[in-house]
Structure formats: C-alpha cells, structure tokens
Amino acid sequence: MMRIRLRLGAATLVFLCLGMLFSLPAQGLAPAKAGEEDAGEAQQARGTLNLVINVDESTVIDQLLYEAYRRIGYTITMDAAPMTYAIQMANSGERDSIASQTQGLETNFPNLVMVPEQLLDVSFPAFTREGFEKRIEGWEDLAGLRVGHLYQKTYIINHLPADIEGSIQRETFFELNEALLAGECDVIITSSTADMDMIVKEGVRYAATLDKMPSYTYLNKQHAALVPEVAESLAAMKADGTYDKIRAGEHRDPTAAKIVLHISSYYPNDPWDTQMQDGIWGELSAMEGISYHNIPLFSNRFRTEYERAENAYYAVRTMCLSSPPDLIIASDDSAIAFVC
C-alpha cells in the first residue's frame, strides 16, 4: 500500500510511549473552557437521530452534521455502510438520514428529502494503473474503456459515455483498487468530499478529476419537518465561521472533553492489552476533562491489515463524532500500522 494520511479532521497523530504521555502536565490536556469558541447556542435536548454514511466518506461530514444537529437540540449517531446499503437504510427508515449525497437522489429513492443548504463539494477523481498510456482528462476520454465505480453512484452512471466497453461496480474504493490491478477494468472512478486524500494501492495512480459539484444531506420523509431547521443551522454555521473552522480542523465542541484514543493490537481480555489500558487510565483518570477510548484491532481474529482497519474504522467514527482525537496512542505493531 502507498503511504496513508488518515484524515480525522486535522488532528495530528501522535505516537508516544507511556512515559512521554505521563510526563505531560495536567494543564496540557485541560478541557476547553465554556464559551472559548462561539459554536452557537444549542436548543433543549429533543432526541437522537441515527444517521448512516458511505464508508469512504470524510469524517469532516460527521463533525459538520454533529454541530448542525446539536444547535437544533439533537444528538446523532453515525453508522458507516457500503453505499448500496447506506442509501437503502435511509430510504427504508431503518436510519433517519443519509449523511451526504449529490442532488437528485430522491428521484430513485422517494422517501428521502434533501436539505437544500449545501453541505460540501464532492469531486469525482479517476484512477488508472501505472503505465496506462491513454490520457484521461474528462468523461469523454472514457470512451472504449472498461470503467469501474461504486454501486448506486447515480451521477457517475449518468455521465459515462454511451460507447464505453463495459463497466463493473464494487462496494468500496479498496475493492475497486483490487479490480483495477487485477485487470478487470481500465479506469476506476469514485467520489471524494472535502478534498479527502484517497488511499490507493501500489500500482494505482491518479489520472484526473472528472467533475465537481455540491453535496447535500438527506432526511427520511418521516423527519421532513426538520429540513428547514437543518438548512438554517448549516447556514448559520457558515455565517459565524464554525463551518470553516470544522473544515480546517480548528473547531472543537465546547462541551466536549479532551479525547485520548488508544488503538491496541489485540482484544479486550488479552492480559497485555488489559495491563496497558489499566496503566493509561490509571494516569488519565486523575486529570479533569479527559475522555479515554480504547479500540482493539483483534489481530487474533482479523489476519490482514485491511480487515483490522475496516473493523476499527466504524468504532473510530462512532467515538469521535464531535471532534477528532486530541491524542492517539498506538500500542504494538498492528496498531502502529493502522494509524500510519
């Protein structure tokens, strides 16, 4: 695999031995003071909305929607699923919203209602194998080629030239990389929000960005009454600067504790991992305003780096909705490979 830049906002990944961590003064991890950042007044708590997002989307979306809903009195959960299932889950009402999609999704999924305030931009980058000779600069250059793309990417499907040789669909961008390298297609196309760095396998190269357009969040029609409120909340975030701060990785939920995320290599009852967790929390528990989360990679169960990363990814999204981690501790080889 090529070098990965893990995008959890703009948080810097810090790898520290325990001695270095514990040498930090308590005030170095002090929580943000109330009112330190004007992030808008939240209304009285109204409930929880359960959102779903495509597994390949940027975590910036999670943070934008967390703040938008917080301001109107809602907390959110965020599940990640392959695109096909994510759309179906939101359309069926199994989830209350799909986090980010291009305009027009409601044409094929009538139970979804678009929030008309733009969430982000989404671009459509294309990738080929290294050494592929044909130059690709736009949609028309795909003529005569075998094209791979994600399931249910309506915008991509509608813009493919009529004279492509054929197309394949996969659930994740990782699977598209594998198909490209296996010779099942000549070019792969995905979508990217918030200028997200794409993770590509060795032998895959970026070719061109074919298009760029707005993306929006969608609610299931049972929550249609919330559409104007969510739109106004997003607009207010843009007006007061919070939107730009989140995109730049400079915003923190003023009510949140400092987050220490510990990625361990094994499993919860493993003696080594247990001692590590006890030692870390034994020190952190004496500090105020610290939230400690442990995510085990289950190296005994998941044998490949991809399987371990995929399993841990869902937990990271769930635990770090409001803000990226302030400190990441990686213990043992599998954990270091995951965060690197």
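This is a predicted model: local features need pLDDT of at least 70, side-chain atom pairs count only at pLDDT 80 or more; totals for chains, interfaces and linings use all residues.

I started with arginine 146, which is partly exposed because its relative accessible area is 25%. My cut-offs: buried is under 20% relative accessible area, exposed is over 50%, and partly exposed is in between (1.4 Å probe, protein chains only).

Residues are numbered from 1 along each chain as its sequence is written, and side-chain values use heavy atoms, with hydrogens and water left out.

Next I checked the partner of arginine 146: a salt bridge (side-chain nitrogen of Lys or Arg within 4 Å of a carboxyl oxygen of Asp or Glu) joins arginine 146 to aspartate 186, closest N and O atoms 2.9 Å apart. That pair links distant parts of the chain, with arginine 146 in strand β6 (residues 146–150) and aspartate 186 in the loop between α5 and β8, 40 residues apart. Helices (H or I, at least four residues) and strands (E, at least two) are DSSP runs, numbered from the N terminus.

Aspartate 186 counts as buried because its relative accessibility is 10%. I also found a salt bridge from arginine 129 to aspartate 186, at 3.9 Å between the closest N and O atoms.

Then I moved to helix α2 (residues 59–71), where glutamate 67 and arginine 71 sit four residues apart, about one turn. They form a salt bridge at 2.8 Å between the closest N and O atoms, and both are buried. I traced a salt-bridge network linking Glu67, Arg70, Arg71 and Asp240.
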